[in-house]
Each structure stands twice: as C-alpha cells, then as structure tokens.
Amino acid sequence: MKSRWEGLNYIEICSGLGRCVIRDDGREIDGTALAIINHPIFGLIKKALFIDYSPKVVDTLTKRINALNASNKAVARVGDYMDPTGIAKLLNTLPSGCLNLCFVDPTQCDVPFETITGIAKILRKVDFIINVALGTDVTRNIVGAILDTSFAAVRKKYASFLGSEDFFNRDDVHSFAMQGKNEELRRAFVAEYLQGLDRLGFRYVDAKPVKNYYHLLFASGNPKGLEFWKKACAIGPDNQREMF
Ligand SMILES: C[S@@+](CC[C@H](N)C(=O)[O-])C[C@H]1O[C@@H](n2cnc3c(N)ncnc32)[C@H](O)[C@@H]1O
C-alpha cells in the first residue's frame, strides 16, 4: 500500500551556526542544527532546511554541513522571518508530499503570526515547535506594553506576534497588568497565541516550560503529532527517560 506521505522534512528558522558555547563553563556543544544532523534519526529525514538571517551564520553552518558530508540532505539559506514572502520562496524548494516539522527558535516574541500562517499554508502537513520567550521578553515588557504608551513599539511587536490587537483590548488583561499579575498575564498571552494556532487548524498543542527562560510550544493538526511530542519530551537531552 502506498504511504500517504513521501518522507519527512525538517525546517529550522533561526538555525544559528550549529555550535553553542555554554556560558557557565565555556564548553562547546552542538547547537540545534548540528544536533539533528548528528542524530541517528537524521537518516530518516528527506530534506533539512536551515534558515537564518545572518549571511555569516549561514556561511559557517554551510561549512559545517559540508564537513559532515550532509549536503545531500541539509542546506542552510539566508532568510528573514520578518519577510514571509522570502520564507515562502525558500520553503517552496522542499520536496512536496512530505510531512514537515518546523522549529522556530527566535530570542524574542517577534515572529509575525503572518509568517507562521504562511508556513502552514505552504507546507500544509506541518507540525510546529515554537520557542516562546515568555521568561525573558514577555516577563520584562508585557506590563509596559499594556499600560505604558512609551512601549508602543513593543506592543506593536506583540500584536504582530499574536496576529491581532485583541489581547490588548481585553478587560481581564488590563486588570492583570494593573495588579502586576505577571503569571496570569503570561498564561493569557500563551492562551491567546494558542487560540490563533487553533484557528489555523492546530488543535493539538502543548507548552513545555524550559527553566524560567522560555516555553517550547508544540502545535499539530493531528493527535498523533501530540502523542509523539509527549513521548519525545519524556526523554531528557542525555537520552535518559524521565521518571514521571
Ligand atoms: C538563539 S539563536 C538560534 C540558536 C539555534 N537554534 C540553536 O539552538 O543552536 C537565534 C538565531 O536567530 C537568528 N535570527 C535573528 N533574527 C532573525 C530573523 N529576523 N530571521 C531569521 N533569523 C534570525 C540569529 O542570527 C541567530 O542565529
């Protein structure tokens, strides 16, 4: 019987250059791009597309991909998530008829919802993992964005991220901000984002906090996607299964 899809593509937006340095002890480890290329699962992937807006980053990652003899499957390309049309052009180079996993890893909540919508439209069968900088960006700026007119640029950024101004017009959100209820605001912010994803057809979602820094948000249109995500989250970075 013919499978309903012809392979799996991996797409990463904000790929970085493939290696990271741990701040505390200066140790160098694989970043997300090299971690996936070096993982045994990479053998199952049809095409990996790494996108970053820095030509220098893309050039370095390309050299690393070549050094690993992975250029038959993996490419790094310059692209800016602020430019949905440019991102769309890059995505159109991927093999069609595949399932796709798209990881979006920015340092702040500024990826326009329009970009996410564009990716979903082009790739169709896609699950997302999105890094939402709740513990840093949102914690620092959300009260100001709601109450303080001098935060107009930040508010605009969040409205673009969420896909509308609705969040800022809510009475409960205003009241949380007035009372300095940061935790409630963070929760409402994520819930608003998830509602936007739901409207795009991503009904199976989960948000996993990573220390106090950020949430990794998973979104799929298929319950199987969420099942795989939960299984994957039960395995630590050291390959140990978590007890609970
Ligand atoms: C946190 S780093 C990514 C780290 C990488 N994913 C990892 O964990 O190894 C963020 C990256 O986003 C890239 N970036 C920042 N703004 C961008 C934009 N508008 N479009 C695409 N990439 C962007 C930066 O050049 C940087 O390499």
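Before I start, one term: two strands count as paired if DSSP finds at least two bridges between them, and it is in this sense that I will speak of residues standing opposite one another, V104 opposite I130 in β7 being one of the examples. Please keep in mind that what we are looking at is a predicted model.

Let me begin with the overall picture, in which the protein has nine helices and nine strands. For 244 residues, a compact globule would have a radius of gyration near 18 Å, and the protein has 19 Å, which agrees. Of the contacts with a separation of 6 or more, 63% are accounted for by residues 24 or more positions apart, while 32% of the 244 residues count as buried.

Now to strand β6, residues 99-104, where six of the six residues are buried, so that the strand is largely enclosed by the rest of the structure. L99, L101 and F103 point one way from the strand, whereas N100, C102 and V104 point the other way.

As for its neighbours, β6 pairs with strand β1, residues 8-13, in the parallel sense over six bridges, and there F103 is the bridge partner of E12. Strand β7, residues 126-132, also runs parallel to β6, joined to it by five bridges, and together with helix α4, residues 113-123, these two strands make a right-handed β-α-β unit.

Finally, the ligand: which residues come nearest? They are C14, G16, G31, Y53 and D105, out of 17 residues around the ligand, and that shell divides into eight nonpolar, six polar and three charged residues.

Key: Residues numbered from 1 in each chain as written. Predicted model: local features only at pLDDT ≥ 70, side-chain atom pairs only at ≥ 80, totals over all residues. Helix = DSSP H or I, 4+ residues; strand = E, 2+ residues; numbered from the N terminus. Rg over C-alpha atoms; globule rule 2.2 N^0.38 Å. Buried ≥ 20, exposed ≤ 12 C-beta atoms within 10 Å, placed from the backbone. Contact = placed C-beta atoms within 7 Å. Near = placed C-beta within 6 Å. Nonpolar A, V, L, I, M, F, W, Y, C, P; charged D, E, K, R; others polar. Right-handed = clockwise from strand over helix to strand, strands pointing away.
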